[in-house]
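Biologist: I would like to learn how to read a model like this one. Please take me through it feature by feature.

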Amino acid sequence: MMNKFKAALFDLDGVLVDTEGTYTEFWGEIGKNYGKKATFANDIKGTTLTDILSTHFAEPETRKEIESKLHDFEDNMEFHLFPGVKEFLKELRRRGVKCAIVTSSDKRKMASLAKQHPDFASEMETVVIADDVQRSKPDPQGYLLAADRLGIAPELCVVFEDSLQGLEAGRRSGALVVGLTTTNTIESVAPLCDITAPAISDLTPDTIGF
């Protein structure tokens with residue numbers, strides 16, 4: 001297994017940036033205000049805004065209202081990198097491993113991230129966002145697109161995910177899947193991945209097989 005894998009494909013929220021708790025509060029409030037069930041905020045984790053709106057909100061005006069609220073929220077949120085993320089990425093690049101982000105975020109949110117971390121994108125060979133795919137996680141389209149852009153077969157890639165939707169997408173892509181328990185319990189994450197860890201800082205490239 002050692003030195004087998006050639007690419008690392010990272011989800012963003014809950015994997016590289018510590019934002020899932022903030023999003024849970026935001027979507028929990030949306031769910032409460034619009035009459036959704038109590039688990040709404042967790043049920044939608046890992047899916048694109050387009051998918052959330054089209055699946056859960058029938059009225060066009062309601063969709064516009066929620067989209068506006070989300071953009072206002074993201075324009076003002078702070079993106080804190082998890083401890084160890086920069087060091088982990090630096091070591092992967094030193095070993096010649098190609099890196100990508102595969103996120104359900106849109107261009108506006110990524111622009112906000114870039115303002116706070118202007119050098120972060122340079123650590124990645126490619127970034128796949130919601131605008132690049134037609135099918136949201138748990139469909140593997142985003143991860144397959146990232147692998148294709150990198151020119152590396154999916155089975156030589158490692159997916160890093162925290163949401164159940166994202167873990168399923170990674171598994172269906174054919175990649176090795178690392179499940180981080182930053183958002184969900186190890187009991188719910190473990191069946192959907194090959195390796196589990198509390199966070200990026202608890203991993204090393206050697207233990208994964210880079």
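**Reading the model**

Modeller: This is a predicted model.

Biologist: Is Ser-136 buried or exposed?

Modeller: Buried means under 20% relative accessible area. Ser-136 has 13% relative accessibility, so Ser-136 counts as buried.

Biologist: Which residues is Ser-136 in contact with, beyond its neighbours within four places in sequence?

Modeller: Gly-46, Thr-47, Thr-48 and Asp-51. Look closely at Thr-48. Its backbone nitrogen is 2.9 Å from a polar atom of the Ser-136 side chain.

Biologist: Now the sheet. What is the strand order?

Modeller: The order is β3-β2-β1-β4-β5-β6, in an open sheet of 6 strands with parallel pairing. β3 and β6 (195-197) are the edge strands, each pairing on one side only. From one strand to the next, the twist averages 20 degrees.

Biologist: How many bridges join β1 to β4?

Modeller: There are 4, between parallel strands β1 (residues 7-10) and β4 (residues 157-161). In one of these strands, β4, Val-158 is the bridge partner of Ala-8.

Biologist: Where does α7 lie?

Modeller: Across β1, β2 (98-102), β3 and β4, at about 160 degrees to β3. Helix α8 (residues 164-173) also packs on the sheet. α8 touches β4 and β5 (176-180), and makes about 165 degrees with β5.

Biologist: And the nonpolar core?

Modeller: In soluble globular proteins, nonpolar side chains tend to be buried together. Here the largest nonpolar core has 47 residues. Phe-10, Trp-27, Phe-120, Phe-160 and Ile-208 touch the most other members. A second, separate core has 15 residues, including Leu-9 and Val-133.

How values were computed: Residues numbered from 1 in each chain as written. Predicted model: local features only at pLDDT ≥ 70, side-chain atom pairs only at ≥ 80, totals over all residues. Heavy atoms only, no water. Buried < 20%, exposed > 50% of the residue type's maximum accessible area, 1.4 Å probe, protein only. Polar contact = N/O pair within 3.5 Å; in protein donor to acceptor, adjacent residues only side chain to side chain. Contact = heavy atoms within 4.5 Å. Core = buried A, V, L, I, M, F, W, Y, C linked by side-chain atoms within 4.5 Å. Pairing = 2+ DSSP bridges. Helix = DSSP H or I, 4+ residues; strand = E, 2+ residues; numbered from the N terminus. Axes fitted to C-alpha atoms, helices over the stretch in contact; angles between N-to-C directions.
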